[in-house]
Amino acid sequence: MQIPGRCHCGAISFTALIDPSRVIACHCTDCQQFSGAPFRAVIPTPVENVRLSGAPRHYVKVAESGNRRAQAFCAECGTQLYATEAEAPRVLNLRLGCVAERAMLPPRAQIWCESSMPWLQDLGALPRHAKGTSSPVLAPAGAAGGRPEVRNRPGGDPDDRIQQVPAQGPA
Ligand SMILES: [Zn+2]
Ligand SMILES: [Zn+2]
């Protein structure tokens, strides 16, 4: 399957020939910290199957084992693009979040579950707003035929507000 991907600002884009059966969700603490999210999903893809446009910056992470992994990201917008072998890239672990068709690429396995967030499995029971917290609540995931229920609560998408303040340097 051929997939396009890009960073948020568009300075870096790629097309990749991927195997949808290889998508995995990683719950390791590095993925949590790098991504700022409770877990990260990746698609391991041979480097020769990826055509990259633009020059990502690399941060080299040294594991306890001495293993060196380059974490590639856009220097302009910070979007994480992939991780790979620091010295001789062989496989790029493409970050699912920058892939256009990510909704059609569910993970087939989870790894590093011993450090997964214990509350992840409870998310399904929480109210599911269509957009911000003042938007309609959708039917529970998987429920058929549910109509949005409108609730009037203050607040908007926190990201909308963040985007209005000037950048404050690297986090
Ligand atoms: Zn960018
Ligand atoms: Zn990980």
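Predicted model: local features only at pLDDT ≥ 70, side-chain atom pairs only at ≥ 80, totals over all residues.
Let's start with the overall layout. Seven strands make up an open sheet, and their order across it is S6-S7-S8-S9-S4-S3-S10. The pairing in this sheet is mixed. As a reminder, strands of a sheet pair through backbone hydrogen bonds, either parallel or antiparallel.

Which strands sit at the edges? They are S6 (57–62) and S10 (109–111), each of which pairs on one side only. If you ignore direction, neighbouring strands of the sheet are turned by 30° against each other on average.

## Two hairpins

Six bridges join S6 to S7 in the antiparallel sense, and Val60 is found opposite Ala70 in S7. The two strands form a hairpin with five residues between them. In its turn, look for Gly66, which has a positive phi of about 95°.

Moving along, S7 is also antiparallel to S8, with five bridges between them. One facing pair here is Phe73 and Gln80, the latter in S8. S7 and S8 make a hairpin too, with six residues between the strands, and Gly78 has a positive phi near 85°.

## Strand S4 and its partners

Now find S4 (40–46). On one side, S4 runs antiparallel to S9 and is joined to it by five bridges. Pro46 stands opposite Val91 in S9, while Ile43 stands opposite Leu94 in S9. S4 also pairs with S3 in the antiparallel sense, over three bridges, and Cys26 faces Arg40 of S4.

Is S4 enclosed or open to the outside? Five of its seven residues are buried, so S4 is largely enclosed by the rest of the structure.

## The nonpolar core

In soluble globular proteins, nonpolar side chains tend to be buried together. Here, the largest nonpolar core has 26 residues. Which of them touch the most other members? They are Ala16, Val42, Ile43, Leu81, Tyr82, Leu94 and Leu96. Six strands each supply at least two residues of this core: S2 (13–17), S3 (24–26), S4 (40–46), S7 (68–73), S8 (80–85) and S9 (91–95).

Apart from neighbours within four places in sequence, Ile43 is in contact with Ile18, Arg22, Val23, Leu94, Leu96 and Leu105.

Note on methods. Residues numbered from 1 in each chain as written. Chains lettered and ligands numbered in written order. Core = buried A, V, L, I, M, F, W, Y, C linked by C-beta atoms within 7 Å. Buried ≥ 20, exposed ≤ 12 C-beta atoms within 10 Å, placed from the backbone. Helix = DSSP H or I, 4+ residues; strand = E, 2+ residues; numbered from the N terminus. Contact = placed C-beta atoms within 7 Å. Pairing = 2+ DSSP bridges. Axes fitted to C-alpha atoms, helices over the stretch in contact; angles between N-to-C directions.
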